Amino acid sequence: MPEDGEAGAPRRAGGRGARRRPAGSDMPDDRVGGDGRERAEPPRSESEIAREICLRQLAVRPRTRAELAKALVRKEISEEVIAEVLDRYDEVGIIDDAAFARAWVSSRHHGRGLARRALANELRQRGVDDEVASEALEAVDDEAEAAAARALVDRKLRSATGAPEAVFRRLVAMLARKGYPAGIAIRAVKDALAARDAEAAEFADAIDADALEDGATGL
């Protein structure tokens, strides 16, 4: 009888030359074909791709329907699939332009001090319907705008330098950029200057807010 190691001797199980099975190979793997090569992933449908794009967009921040549609158009998703996916998202509440508008107005008004005009412009840029935007903007009334304008002026005035007239112009311009009407901006700055010091109060006392409001385009 041939001894171990001689020609024709039987190989030990698991010994040299035995074919090793990959760990876990006793379980079927759909990704591996009969030849041991990985099978290609089946192609995804256009709807699946569209949903993935939307979810990536929504993971960054809430989006309006128009914003998501624009993102899908950029990725060359068909109009039919865009409508199908976004209609479904509307149904289940994943996108809600009215809720988006309310949250946007609250955040940007309280966080950045933006007035209704600026907020309306931002909502329009994001594709929010004018009627939906108007309903959301009702949360910011004249009193809220005046209070927010005064708070902005008081904060800026702490570090403002220069003659009262120069400070007045800078602060009114700042409020105008945030969407405040001329009348609210002028009165907010006039009142804040009147409470600052004697020199500023004297300048503020001489300001004719009504006349300046009429000619605000020259400020």
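**Aromatic pairs**

I started at Phe 203, which is partly exposed because its relative accessible area is 23%. My cut-offs here are under 20% relative accessible area for buried, over 50% for exposed and partly exposed in between, with a 1.4 Å probe and protein chains only.

Before going on, a note on what I'm looking at: this is a predicted model, where local features need pLDDT of at least 70, side-chain atom pairs count only at pLDDT 80 or more, and totals for chains, interfaces and linings use all residues. Residues are numbered from 1 along each chain as its sequence is written, and side-chain values use heavy atoms, with hydrogens and water left out.

How many aromatic pairs are there? I get two. The rule takes rings of Phe, Tyr and Trp (its six-membered ring) with centres within 6.5 Å; planes under 30 degrees apart are stacked, over 60 edge-to-face, and the rest tilted.

Phe 100 and Trp 104 are a stacked pair, at 5.5 Å centre to centre with 20° between the planes. Both sit in helix 4 (residues 97–112), four residues apart, or about one turn of the helix.

Phe 168 and Phe 203 make an edge-to-face pair, with 5.8 Å between centres and 65° between planes. Phe 168 belongs to helix 8 and Phe 203 to helix 10 (residues 198–205), so this pair ties together parts 35 residues apart in sequence. Phe 168 counts as buried, at 3% relative accessibility.

**Overall fold**

Of the 219 residues, 31% are buried. I also looked up the contacts (heavy atoms within 4.5 Å). Among those with a separation of 6 or more, 57% are between residues 24 or more positions apart.

**Helix 7 on helix 8**

The axes of helix 7 (residues 142–157) and helix 8 (residues 164–177) come within 11 Å and cross at roughly 135°. Axes are lines fitted to C-alpha atoms, for helices over the stretch in contact, and angles run from 0 to 180 degrees between N-to-C directions. That makes the two helices oblique to each other.

Which residues meet here? From helix 7 I noted Ala 149, Leu 152, Val 153, Lys 156 and Leu 157, and from helix 8 Val 167, Leu 171, Met 174 and Leu 175. By class they are eight nonpolar, no polar and one charged. Here Ala, Val, Leu, Ile, Met, Phe, Trp, Tyr, Cys and Pro are nonpolar, Asp, Glu, Lys and Arg charged, and the others, Gly among them, polar.

**Helix 1 on helix 3**

Helix 1 (residues 46–60) packs on helix 3 (residues 79–92) at about 55°, with the axes 10 Å apart. This pair is oblique. The contact includes Ala 50, Cys 54 and Leu 55 of helix 1, and Val 81, Leu 86 and Tyr 89 of helix 3. I count seven nonpolar, one polar and three charged residues in this contact.

**Last stop: Glu 76**

Where is Glu 76? I found Glu 76 in the loop between helix 2 (65–74) and helix 3. Its phi is near 60°, a positive value in a residue other than glycine. At 70% relative accessibility, Glu 76 is exposed.

Methods
Parallel < 35°, antiparallel > 145°, perpendicular 65-115°, else oblique.
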